[in-house]
Amino acid sequence: MTANMIRGPLDASATPRYTEPSTFARLPRLDEVPGAAVKIIGIPFDSGVSYRPGARFGPGHIRASSKLLRPYNPALDVAPFGIQQVADAGDIAVNPFDIVEALATVEHAATDLTADGARLLTLGGDHTLALPLLRAVHKERGKIAVLHFDAHLDTWDTYFGAPFTHGTPFRRASEEGLIDMERSMHVGIRGPLYGKADLEADGVLGFQIVRSDDYQFDGVRSIIERVHRRMAGGPVYISVDIDVLDPAHAPGTGTPEAGGMTSRELLNTLRGLVGLDIVGADIVEVAPAYDHAEITGIAAAHVGYELLSVLAANEAHRSGH
Ligand SMILES: N=C(N)NCCCC(=O)O
Ligand SMILES: [Zn+2]
Ligand SMILES: [Zn+2]
C-alpha cells in the first residue's frame with residue numbers, strides 16, 4: 001500500500017473530537033479500509049477477576065479516553081497512524097458465563113484477525129485474556145518472549161480451584177509451552193503476596209523480575225537495557241496490566257496496589273522498546289467504574305499510542321521510510 005492511500009484519524013479541525021461513534025484515536029473501522037497492518041480489538045470480558053469487577057467496560061472507556069491523541073509522536077519522531085494502516089476492528093463478543101468457551105472464542109477470533117499477517121493491539125478485559133491471545137500468536141510464531149507489565153505475577157496456580165482466571169494466565173501459558181522462558185520478564189512487580197513461595201514458584205517457571213522499586217533505584221534507562229539484553233533476537237509479546245501504574249496514575253482497576261510506577265515511567269519504558277520484534281500486545285484490567293476524570297482511561301490510551309508508535313518506528317526502519 002502506498003503512503004497516500006493510508007487513511008489516518010479524522011481531522012479534529014473539520015469533525016469535532018466528540019462526534020462519531022468511538023474508535024481508538026478516532027481511527028477508521030476495519031470495515032472502512034481495504035485492510036490493516038495493525039488491528040485494534042476490544043474484548044469486553046471480566047469473568048476471570050478475583051476482586052473488583054468491571055473490566056468488561058474497559059474497551060469502550062479506553063476508546064472514549066483516546067479522542068485527544070494526535071497524529072505525530074515527537075518522543076519517537078514517528079506518525080504512528082501514517083506509516084502503516086491502523087484500524088479499529090471493534091469488539092469480540094464472548095460468553096460471560098463460560099470462561100473456557102470465552103477463551104476459545106478469543107483464540108479463534110485472534111487467529112482470524114491475524115491470518116493476513118496483521119498484528120493485534122487488544123483492549124481488555126481482564127488479564128485472563130492473555131492466555132488465548134498467546135495461544136493464537138504461538139500458532140503463528142512458535143514460542144514467544146513475554147514482556148509482562150503488572151503489579152502482580154499472574155503465575156498463581158488456581159483460585160477456588162479454577163485454572164483460568166486473571167491471576168493465572170502466565171502459569172497456564174508456560175505449562176502449555178507457549179512462552180520462551182529464557183527471554184521473558186515481569187516488570188513493575190510489588191505488593192503483598194500469599195507467601196514467599198509465590199516468588200519461588202514464579203522463579204522456577206523462569207521469569208525474570210524487574211520490581212517497581214527498581215524504577216526508583218536504577219531508573220528507566222537501566223531497565224530498558226535489561227529488557228533488550230533479555231529479549232532481543234526473537235518475537236516479543238507485550239502484556240500491559242494497567243495496575244502496573246500506581247493507583248494515583250490508574251485508580252480505575254480491579255486489584256490496585258500502592259507503590260507503582262508513574263505513567264511517565266511506563267511511557268518512557270515503552271518508547272525504549274523500538275527494535276524488538278513485537279508480535280502483538282494487550283492493555284488489560286481497565287475498570288472504568290473506579291476511574292475518575294478518565295485518569296486511567298487516558299493512561300491506557302497513551303500506552304496504546306506508544307505501543308503503536310513503536311510498531312510504526314519498527315516498520316519505518318524495516319521499509320526504509
Ligand atoms: N490484576 C491481575 N491480573 N491479577 C491480580 C490477582 C491478584 C489476586 O487476586 O490475588
Ligand atoms: Zn495486576
Ligand atoms: Zn495482571
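Guide: What follows takes the ligand surroundings, then the helix contacts, then the backbone.

Guide: This is a predicted model, in which local features need pLDDT of at least 70 and side-chain atom pairs count only at pLDDT 80 or more, while totals for chains, interfaces and linings use all residues. Residues are numbered from 1 along each chain as its sequence is written, and chains are lettered from A and ligands numbered from 1 in the order in which they are written.

Visitor: Which residues surround ligand 1?

Guide: Around ligand 1 are S50, Y51, H127, H152, D154, H166, G167, D241, D243, T255 and E285, where a residue is near a molecule if its C-beta atom, placed from the backbone, lies within 6 Å of it.

Visitor: And how does that shell divide by class?

Guide: The shell around ligand 1 has one nonpolar, six polar and four charged residues; Ala, Val, Leu, Ile, Met, Phe, Trp, Tyr, Cys and Pro count as nonpolar, Asp, Glu, Lys and Arg as charged, and the others, Gly among them, as polar.

Visitor: What does UniProt list under "binding site"?

Guide: An unreviewed UniProt entry lists H127, D150, H152, D154, D241 and D243 under that name, and such annotations may be inferred rather than shown by experiment. They span 117 residues in sequence, but no two of their C-alpha atoms are more than 12.1 Å apart, so they gather at one spot.

Visitor: Where does D150 lie?

Guide: D150 is in the loop between strand 4 (145-149) and helix 4 (169-175); helices (H or I, at least four residues) and strands (E, at least two) are DSSP runs, numbered from the N terminus.

Visitor: Switching to packing, how do helix 8 and helix 9 cross?

Guide: The axes of helix 8 (residues 263-271) and helix 9 (residues 295-319) come within 9 Å and cross at roughly 15°, with axes being lines fitted to C-alpha atoms, for helices over the stretch in contact, and angles running from 0 to 180 degrees between N-to-C directions. Helix 8 and helix 9 are therefore roughly parallel, since angles under 35 degrees count as roughly parallel, over 145 as roughly antiparallel, 65 to 115 as roughly perpendicular and the rest as oblique.

Visitor: Which residues meet there?

Guide: From helix 8, S263, L266, L267, L270 and R271 meet A299, H302, V303, E306, L307 and V310 of helix 9, contact requiring that the C-beta atoms of two residues, placed from the backbone, lie within 7 Å. By class, the residues of this contact are seven nonpolar, two polar and two charged.

Visitor: What about helix 7 against helix 8?

Guide: Helix 7 (residues 220-231) and helix 8 have axes that come within 10 Å and cross at roughly 40°, and the two are therefore oblique to each other. Their contact is made by V220, I223 and I224 of helix 7 with E265, N268 and T269 of helix 8, which gives three nonpolar, two polar and one charged residues.

Visitor: Last topic, the backbone: which peptide bond is cis?

Guide: The bond from G124 to G125 is cis, with omega near 10°, and G125 sits in the loop between strand 3 (119-124) and helix 3. E20, which is not a glycine, has a positive phi of about 75° and lies in the segment before strand 1 (38-43). Most residues other than glycine have a negative phi, and most peptide bonds are trans.
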